[in-house]
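Please read the following points alongside the sequence and the model.

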Amino acid sequence: MPTLGRVEEPARFLASLREQRFRDFELIVVDQNPDERLRPLLAACRDEFPVLHLRLRESGASRARNAGLERCRGEIVAFPDDDCRYPAGLLEHVSGFFAGNPGIDVLCGRLVDDEGRSSILDFDLEAGLVDASNVWVRSIESTIFVRRGATRRVWFDENLGKGAGTPWGSGEGTDYLLKLLELGSLIYYDPDVNVIHPSPVPPYDRRACRRAYSYGCGMGRVLRKYKYPVRSRISYLSGPAAEAVRSLAGLRPDRAGYYWNVFRGRLRGML
């Protein structure tokens, strides 16, 4: 779990770990804070489950995940955000899935809000194998569960993702899965595997627009990196462009500005 600048959100995630029926896990916290704000919180958990507290002065969620990957020991690896929560039966379900499907290397699920609606992405509601065409609606970092053997084959691209110091503010999880697909890994998506995460919009304020642009840049970068065909790139540009037009027509300039930033971010990444 990479974390920076938060205390209340990691506390809620830790509380969700205490509620897990499956207890054979270790939490690796990659702490990028300049202070000791998390130490009391983590110390209070050590009697309930193992916690490895790593300090990382370099910024970037991808750098943090790679630092955690170097130290993890479990048979299954997950990459939770510090502001997500696990439903009580999640780890039990994931462990059972891998036990019953020895040929699958990765299980992906869906981010949902407190009401069970897809958050952040418009997730696919059909289960099935993940490929290069549907990976965009069947995965995101905090819902990825990977067999440890597969994680030894690839690393997160540290030029992608939040805090990387580049314009490419997203796409690291998709890039990670595309690398595994190129190596022949089987990846399965189950929309009933849910991780709870608040939806970042609305409001469609300046912060949301900056995030939309940064995330758009990351997606466009990955589309270019893996040489997606022109028709796919056009499709991923036309969606936010159409939403921007519809929002303007509906007298929603704030929403139009948000989707305009998604569009121009994706375009920059592609170019």
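1. The axes of helix α8 (residues 230–249) and helix α9 (residues 253–270) come within 7 Å and cross at roughly 160°, which makes α8 roughly antiparallel to α9. Here axes are lines fitted to C-alpha atoms, for helices over the stretch in contact, and angles run from 0 to 180 degrees between N-to-C directions; angles under 35 degrees count as roughly parallel, over 145 as roughly antiparallel, 65 to 115 as roughly perpendicular and the rest as oblique. Helices (H or I, at least four residues) and strands (E, at least two) are DSSP runs, numbered from the N terminus.

2. This is a predicted model, in which local features need pLDDT of at least 70 and side-chain atom pairs count only at pLDDT 80 or more, while totals for chains, interfaces and linings use all residues. Residues are numbered from 1 along each chain as its sequence is written, and side-chain values use heavy atoms, with hydrogens and water left out.

3. On the α8 side, the residues that meet α9 include Arg-233, Tyr-236, Leu-237 and Leu-248, and their partners in α9 include Arg-255, Tyr-259, Trp-260 and Phe-263, where contact means heavy atoms within 4.5 Å. By class, the contact of α8 with α9 has 13 nonpolar, one polar and four charged residues; Ala, Val, Leu, Ile, Met, Phe, Trp, Tyr, Cys and Pro count as nonpolar, Asp, Glu, Lys and Arg as charged, and the others, Gly among them, as polar.

4. Helix α7 (residues 206–225) also packs with α9, at an angle of about 30° and with the axes 6 Å apart, and that makes α7 roughly parallel to α9. The residues of this contact of α7 with α9 divide into ten nonpolar, six polar and five charged.

5. The structure holds 13 aromatic pairs; rings of Phe, Tyr and Trp (its six-membered ring) pair if their centres lie within 6.5 Å, and planes under 30 degrees apart count as stacked, over 60 as edge-to-face and the rest as tilted. The rings of Trp-136 and Tyr-236 have centres 5.9 Å apart and planes at 55°, so this pair is tilted. Because Trp-136 lies in the loop between β6 (128–129) and β7 (144–147) and Tyr-236 in helix α8, the pair ties together parts that are 100 residues apart in sequence. Both Trp-136 and Tyr-236 are buried, where buried means under 20% relative accessible area, exposed over 50% and partly exposed in between (1.4 Å probe, protein chains only).

6. Trp-260 and Phe-263 form a stacked aromatic pair, 5.3 Å centre to centre with 25° between the planes, and both lie in helix α9, three residues apart, about one turn of the helix. Trp-260 counts as partly exposed at 48% relative accessibility, whereas Phe-263 is buried, with a relative accessible area of 17%. Elsewhere, ring pairs link Phe-13, Tyr-86 and Phe-145 into a cluster.

7. Which parts of the structure cover the buried residues of α3? Among them are β1 (2–3), β2 (27–31), β3 (51–55), β4 (76–78), α5 (148–151) and α6 (172–182). Eight of the eleven residues of helix α3 (residues 61–71) are buried, so α3 is largely enclosed by the rest of the structure; the buried residues include Ala-61, Arg-65, Asn-66 and Leu-69.

8. Leu-4 is found in the loop between β1 and α1 (8–18) and counts as partly exposed, at 48% relative accessibility. Leaving aside neighbours within four places in sequence, Leu-4 is in contact with Gln-32, Asn-33 and Asp-82.
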